Amino acid sequence: MFKKIPTPIFLLLPAIIVLAAVVLVPLLLSLYSSFTPFRLTRPQTLFVFVGLRNYVRILTDPVFLAAFVRTVVLLTIALNLEMLLGLGLALLVNRATMGQRLLRTLMMFPMMFSPVLVGFQFKFMFNDNVGLINNALQALGLTDTAIPWLIDGNLALFSIVVAEVWSSTAVFAILILSGLLAMPQEPVEAARVDGCTPWQTFRYVIWPFLMPFAFIAMTIRSLDVARAYDIVKIMTDGGPARRTELLWTLVGRTAYADAQMGLANAMAYVSIILSIAFTVYFFRKLALARTQIGAEW
């Protein structure tokens, strides 16, 4: 029987078996359980098929819909801030005449921290009693009272955005900087000779070339933010009063605190669809930007 299997497939067979056992089987099992009322405390419910009842339930649940909208808002704000800050950092580092390698290393420094460590770091910094932020504001005389960063719902969401942006702006900066280093200088010099202002040179010559790199970074980061869990779990645990509850913190709470694994898996697959939607959108933008570069350059 094994003699009939082509040699390349035969050599890849162990890897295929491991991938099937680790990825494919759990994926199919979780998809099946999303159509059941499976509870961890009642294993027999895994064999009760209820169709789309879990999906209908979550799509009419105000808590889930609020978490969904909050995730989209966080993703949109974080991606735009990271792109703007990353673009600024890349332009500054690219203009440096000395120590550019050191600056690139320092720029990557936030990426070396795990999300859990970043969550603890910013939880301490935004603490209303002993946090660095409040102590600095009070020392500078900008406020007389401690600001409840992690207690007020709006401020807590703002604090999470700050943590996300600090930890991941380097992704945009590195990819955009790589675009700047790979960019031919002839079009830039031609634009300057033609009398273009620095803004016009950037807007019509430099930025179109950098757009594919920015969209690659957005694709990578959209997947990260759409499944954000660690930082939110550490900093606020979805509080106060679920004002910072995101999709994946809600999935974790439903699955392990409430033991409703079937319902949690339905939420997870809706979250995956959100991630796929953003990925497809950015890939289309990437293809359009690459086509534009090919036509103009």
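The axes of helix α8 (residues 186-193) and α9 come within 10 Å and cross at roughly 150°, so α8 runs roughly antiparallel to α9 (over 145 degrees counts as that). This is a predicted model, in which local features need pLDDT of at least 70, side-chain atom pairs count only at pLDDT 80 or more, and totals for chains, interfaces and linings use all residues. Residues are numbered from 1 along each chain as its sequence is written, and side-chain values use heavy atoms, with hydrogens and water left out. Helices here are DSSP runs (H or I, at least four residues), numbered from the N terminus.

**The α8/α9 pair**
- The crossing of α8 and α9 is right-handed, meaning that the near helix is turned clockwise from the far one by less than a right angle.
- Pro187, Val188 and Ala191 of α8 meet Thr201, Val205 and Ile206 of α9; contact is heavy atoms within 4.5 Å.
- For the angle, axes are lines fitted to C-alpha atoms over the stretch in contact, and angles run from 0 to 180 degrees between N-to-C directions.

- Helix α9 spans residues 198-226, 29 residues in total, yet its end C-alpha atoms are only 36 Å apart.
- A straight helix would reach 42 Å at 1.5 Å a residue, taking 1.5 Å times one less than the number of residues.
- There's a bend of about 50° at Trp207, with Pro208 following within four residues; the angle is taken between axes fitted to the seven residues ending there and the seven starting there.

- Val161 sits in helix α7 (residues 153-182) and is buried, at 9% relative accessible area (buried is under 20%, exposed over 50%, partly exposed in between, with a 1.4 Å probe and protein chains only).
- Leaving out residues up to four places away in sequence, Val161 touches Leu74, Ile77 and Leu81.
- Val161 and Leu75 are 86 residues apart in sequence but 9.0 Å apart in space, C-alpha to C-alpha.
- Glu164 is also in α7, and it's buried too, at 7%.
- Beyond its neighbours within four places in sequence, Glu164 contacts Glu82, Arg221, Val225, Ala228 and Ile231.

- Most residues other than glycine have a negative phi, and most peptide bonds are trans.
- The Gly239 to Pro240 peptide bond is cis, with omega near 0°, and Pro240 lies in the loop between α10 (230-235) and α11 (247-257).
- Ala241, in that loop, has a positive phi near 55° and is exposed, at 76%.
- Arg242, also in the loop, has a positive phi near 65° and is partly exposed, at 37%.

Definitions and conventions:
Helices (H or I, at least four residues) and strands (E, at least two) are DSSP runs, numbered from the N terminus. Angles under 35 degrees count as roughly parallel, over 145 as roughly antiparallel, 65 to 115 as roughly perpendicular and the rest as oblique.
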